[in-house]
Amino acid sequence: MDDLSTGSESDYSNSWISWFLSTKGNEYFAEVDEDYILDRFNLTGLNGEVVQEYSRALNLITDNLDEDSLDDDVREAVETSARFLYGLIHARYIVTSRGLSKMLEKYRKADFGRCPRVYCYQQPLLPVGLSDIPYQKAVKLYCPRCEDIYSPKSNRHGSIDGAYFGTTFPHMLFMVYPQMIPGKGQPVGSSSVADVNRSLANQQKSENNSGGGQNSLGSISTSSVANKAERYEPRIFGFKVNEDAKLSRWRTARRNAQISRLENLEREQGQTNL
Amino acid sequence: MASSAPPVEMDPDELEEEAFDSSSQASSTATSTLTWINWYTSLPGHDYFCDVHEDFIEDDFNLTGLQAMVPFFKEALEMVLDVEPEEDSNKIPDVSIVESSAELLYGLVHQRFILTKVGLSCMVEKYEAGHFGACPRVFCHATPVLPCGRADMPGIDTVKLYCPNCGDIYTPPSSKYASVDGAFFGTTFSPLFFQQYPELLSAPFFATGPAAAQSSSRTTPVDSSAPVGGGTFTNPNPHGGQKAALGRVYVPRIYGFKVSERARSGPRMKWLRERPERFDDLDKVDWKSRFIVEGQNTEGDDELMASIGKQSGQGKGKLFDDEDDIVEDDDESEEEEENAPTTIAVPS
């Protein structure tokens, strides 16, 4: 069983999971460890009521199903259920520590695409659901730089169920890997895959300079990162547009209010710790 | 400059033939034949361009200053207008050079043309037909976008797309637009367009429904699918006339709980998409982007925060009241959960 997850060549083509992952349109999915699926505890609540043909689907995922003994209709139903079941297990798996590290790897490679927002400078995205219940909403992409969500470019990805990733995943990832939080401004150098790491270094530098309070984790503060964020400013023959400028000033005021709120809080915490 | 010109994807022979074809027929003034402009705007990746009227190009006044910017200006102009080149055309080393000049000339004329009344009305037709695509942002609900440039000089940046709802700019989804220069649309076009057609722009404020405002006036609106320009929406700005904004903002959640802003990975960019609840709130910020505190001129942090607490009615001034926060959090998550299935429509 372990051979499969380590990806030994001979088993690779036979495994249902690797076949599923290699299918076009399934690029967002990470490989769920076989032992994770085999642990019944992780499947709590997933049963015949939720997933049709539950046991056959589970057997198919774990490559224990004798497919030849089934007629075409049944096989198709089992296949559909297996995809569905894999998606639901996937949503649980990717918020575990192993799952997070696998998804982090995919994020580093920008497997989920890049933010279309111009001032996000090709920031890699992360998949997110808007609901944890299946058949509600399609998967969306979360940009950690502008902290907004976007629809996937391609229809193939746009039709994946958001529940296969869940509402929690990207936020959990940055809770666990706070050092992966990108800076908000323009990354140094050209835009490349290495941006993720480079912008991080940049952020750390700037944070240390700004003298933000250090919290108990010995890590850097993120309270004033938003100062670096860039915005589009509409101009007509070089002149700002009244209402757009007003709204932009209002937003700046909101941003500054949050920053001073957080910095006050840090100061308070710093004092109590002393 | 040379590198800025959109690369020609067809081979020179074909282009020559094409140019020859069109120029040989254009002298007969019949518009049914394929003109250079028609041909150029129908190329893949050129669907953001509108057809510049020939009379606009023929008016020398409209070309002021372009002679210095476009190499082989005269030949390029002839090509764009499908005028039979004069006999001394053998001066030109290669037709593909003139071709790229013609493209540059057309782009720069296009930038000027789309600012005219006729040009704007050409572009609004394309806009309403959805030729420019839709905003990729989920809570903009596929608002149509408009091409815009970040510079007025060619060779600086490619074309971007401006969303009138979130007021942000995006990279076109397809790489075929990566060769279109932003200067061919210019910085002025999209803001001017929405001054001309304010009803296509979203209002700069977003009121949560009256019911929501009573229970807990939150900045995260509940009713995102409020009909666009619905019966209840009235714009208090007499000069505005914009439609109701799609003002919903994404709220990160872990297992249903909002991520606190106190967390290192907590939300830092909510302000980027937020709008004030009322139109008047826009005036409560001074020119230095500070909230105006009534009767006081000093802006200490505390006053600032107090004013914000008042503004949003969120009780955000109560920084250190944990219990209150938690209770509020709970309430809100429930509310949103109930509303979630009906309010967010996902295009299948």
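Visitor: In this predicted model, which residue of β3(B) is the bridge partner of B:Leu161?

Guide: As a general idea, the strands of a sheet pair through backbone hydrogen bonds, and they may do so in parallel or antiparallel fashion. Here the bridge partner of B:Leu161 is B:Tyr170, which lies in β3(B). Strand β2 of chain B, residues 160-162, is joined to β3(B) by two bridges, and these strands run antiparallel.

Visitor: In what order do the three strands of chain B form the open sheet?

Guide: The order is β1-β2-β3 in chain B, with antiparallel pairing. Its edge strands are β1 (146-148) and β3 (169-170) of chain B, each of which pairs on one side only.

Visitor: Is B:Ala183 buried or exposed?

Guide: A residue is taken as buried when 20 or more other C-beta atoms lie within 10 Å of its own; B:Ala183 has 25 within that distance, and is therefore buried. B:Ala183 sits in the loop between β3 and α7 (189-196) of chain B. Leaving aside residues up to four places away in sequence, B:Ala183 touches several others, including B:Gly107, B:Gln111, B:Asp152 and B:Ile156. The C-alpha atoms of B:Ala183 and B:His110 are 9.3 Å apart, although 73 residues separate them along the chain.

Visitor: How many residues does the contact take from chain A and from chain B?

Guide: The size of an interface is often expressed as the accessible area lost when the parts come together. Counted in residues, this contact takes 55 from chain A and 51 from chain B. On the side of chain A that touches chain B, α11(A) gives the most, with 19 residues, and by class that side has 26 nonpolar, 13 polar and 16 charged residues.

Notes. Residues numbered from 1 in each chain as written. Chains lettered and ligands numbered in written order. Predicted model: local features only at pLDDT ≥ 70, side-chain atom pairs only at ≥ 80, totals over all residues. Contact = placed C-beta atoms within 7 Å. Helix = DSSP H or I, 4+ residues; strand = E, 2+ residues; numbered from the N terminus. Nonpolar A, V, L, I, M, F, W, Y, C, P; charged D, E, K, R; others polar. Pairing = 2+ DSSP bridges. Buried ≥ 20, exposed ≤ 12 C-beta atoms within 10 Å, placed from the backbone.
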